[in-house]
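Welcome! Please take a moment with the sequence and the model before reading on.

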Amino acid sequence: MSTATSFMPSGTVYGVLLNFRGEVQALAPHMSEPPYKAPPKAPILYIKPANTWSAHGAAIVVPAKVPQVEVGATIAMVIGQDVQAARADTALESVAGYVLMNDLSIPHTSFYRPPVKYKCLDGFLGVGQALVAAQAAGDPSRFTLAVYINGLLTQSVNFANLVRNAAQLLADVSEFMTLRRGDVLTLGCDAGRPLAQAGDRIDISAPGFATLSNTLVAEETA
Amino acid sequence: MKHARIVLDGIAHDATERDGQLLLADGRLVAPGAVTWLPPLSATPRPRTIFALGLNYADHAKELAFKAPEEPLVFLKSESTLTGNRSFTRRPAGVQFMHYECELTVVVGRTARKVKRDDAYDFIAGYTVANDYAIRDYLENWYRPNLRVKNRDACTPLGPWRVDAADIANPMALALQTTVNGLVTQSGNTQGMIFDVPFLIEYFSSFMTLQPGDLILTGTPDGVVDCLPGDVIVTEIEGIGALTNTIEQGPA
């Protein structure tokens with residue numbers, strides 16, 4: 001596989017929490033309790049900075065003190081032109097295309113504080129090898145993906161189950177900040193995120209996309 | 001030396017400070033009021049990582065009714081929220097509480113991975129001033145402070161100058177102050193940080209690699225007040241500079 005043609009983001013990569021109904025259902029009993037006190041209103045975003053980006057095929061280092069990582073398989077929108085206060089009915093016109101992502105996290109149960117130490121480790125975002133142009137990709141609510149760990153199917157995701165569909169997510173995010181050309185916004189990661197550990201191979205496949213594969217390797221300790 | 005990034009006649013330039021004026025690379029000396037100021041940063045090959053600290057001064061944590069954190073409360077920002085000196089920042093219509101935060105900002109100078117605090121200063125290129133505005137009406141208890149509060153367009157003025165690290169003898173003993181329309185509303189000293197700059201570099205680099213051009217906004221002391229359209233906010237740090245911003249009315 002040529003790496004010269006691999007896609008890598010040129011802007012900021014934003015992830016979104018609780019954008020699958022299954023995630024919301026799992027947390028719903030606790031949403032009105034401390035520390036949250038109320039269900040979320042605006043989209044809950046986090047940033048996956050450039051140090052997290054791993055190419056397709058790359059080995060991703062798992063810290064020695066972390067027994068398992070959570071696999072956040074998703075598809076992300078790559079912004080083709082600046083999006084500011086977009087309307088949902090036209091927002092998708094600003095999407096250049098879509099890319100598979102493996103949004104890894106150290107498992108954590110509280111979503112009260114920003115998850116930098118859980119989500120921003122070096123290499124913790126596998127990035128699909130190619131952007132699929134928006135026209136070729138079609139309606140994002142028809143996307144599906146499958147996660148295989150060491151060849152075994154461990155999760156199936158259907159993007160018909162989003163809280164905010166792609167267009168509504170763009171509208172609601174661009175209400176409070178501009179998404180710039182080159183920025184990337186994921187559609188979120190469903191509940192039931194599989195765990196994986198050093199030595200595992202993770203393959204994320206989706207119709208119309210080239211499979212995204214990464215292996216997890218143990219941190220070398222001195 | 002003090003570095004700036006400015007636009008003059010539609011062209012972006014690097015500049016340095018000379019006698020309160022801007023010295024361009026071509027030798028022209030320009031008045032500070034004659035240019036558009038950009039954040040005083042060099043371009044990076046990939047988007048820079050921008051860390052910002054919450055509740056990193058004991059007095060501010062107390063002011064907001066929090067106990068001091070046991071580990072840094074950090075969130076990330078994107079470049080779209082940065083703006084330069086003498087710019088305008090919008091207060092959305094209907095908002096009840098929008099406040100400034102004067103913050104010492106570290107500019108990373110070298111790739112930093114698993115750096116020990118005793119070596120941390122070797123990885124710093126320089127310092128600048130940030131005004132890390134927050135619009136508290138939009139706070140939600142999910143990944144708090146959430147991006148709707150902290151990552152709005154042009155809500156993080158930065159500058160005017162980036163000062164070389166060698167010119168700041170002790171960044172942990174600098175006076176900070178903010179004025180609103182000329183009246184002092186916030187004053188403190190970087191001595192009041194809970195987690196100091198060497199600690200923060202050791203902490204972040206223990207689990208992620210810092211790259212040249214990455215920024216660390218180190219939090220603000222107490223004395224934050226509501227800012228209204230038309231207010232002129234000047235956040236100033238001793239030896240680094242005075243960053244001016246004006247609030248303008250935005251749509252809802």
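Predicted model: local features only at pLDDT ≥ 70, side-chain atom pairs only at ≥ 80, totals over all residues.

Residues are numbered from 1 along each chain as its sequence is written, chains are lettered from A and ligands numbered from 1 in the order in which they are written, and side-chain values use heavy atoms, with hydrogens and water left out.

**Cores**

Let us begin with the inside. A nonpolar core is a set of buried Ala, Val, Leu, Ile, Met, Phe, Trp, Tyr and Cys residues joined through side-chain atoms within 4.5 Å; buried means under 20% relative accessible area, exposed over 50%, and partly exposed in between (1.4 Å probe, protein chains only). The largest nonpolar core has 98 residues, and A:Leu145 and B:Phe204 touch the most other members. Helix H3 (residues 197–207) of chain B brings the largest share of this core, six residues. Domain 1 (1–38) and domain 2 (42–249) of chain B both contribute residues, so this core lies between them. Another core, of 14 residues, lies apart from it and includes B:Val95, B:Tyr100, B:Tyr138 and B:Val180. In soluble globular proteins, nonpolar side chains tend to be buried together.

Helices (H or I, at least four residues) and strands (E, at least two) are DSSP runs, numbered from the N terminus. The table sets out two of the helices.

| H3 of chain B | 197–207 | eight of eleven |

With eight of its eleven residues buried, H3(B) is largely enclosed by the rest of the structure. Its buried residues pack against H2 of chain A together with S6 (50–54), S7, S11 (102–108), S12 (124–131) and S18 (215–217) of chain B. One of these buried residues is B:Phe204. Not counting residues up to four places away in sequence, B:Phe204 touches B:Phe51, B:Leu53, B:Val74, B:Leu210 and B:Ile216.

In H4(A), the buried residues include A:Leu169, A:Leu170 and A:Val173. Among the elements that cover them are strands S1 (13–17) and S12 (184–186) of chain A.

The bounds of the two domains of chain B come from an automatic or database domain assignment. Their C-alpha centres lie 24 Å apart. Twelve residues of domain 1 of chain B are in contact (heavy atoms within 4.5 Å) with twelve residues of domain 2 of chain B.

B:Arg28 sits in the loop between strand S3 (21–24) and strand S4 (29–30) of chain B. Is B:Arg28 buried, partly exposed or exposed? B:Arg28 is partly exposed, with a relative accessible area of 37%. Leaving aside neighbours within four places in sequence, B:Arg28 is in contact with B:Leu8, B:His13, B:Leu22 and B:Leu23.

**A cavity**

On a 1 Å grid over the protein atoms alone, a cavity is a set of points where a 1.4 Å probe fits but cannot get out, and lining residues have an atom within 4 Å of a point. Grid points are joined across faces, edges and corners, and a volume is the space filled by probe spheres set on the points. The structure holds six cavities of 30 Å³ or more. The second largest cavity has about 110 Å³ of space. Of the 13 residues that line it, the closest to its centre are A:Tyr46, A:Ile47, A:Pro114, A:Pro115 and B:Leu76. S2(A) gives the most to this lining, with three residues.

Conventions. 1 Å grid on protein atoms, 1.4 Å probe; cavity = no way out; pocket = protein on both sides within 12 Å on 5 of 7 lines; lining within 4 Å.
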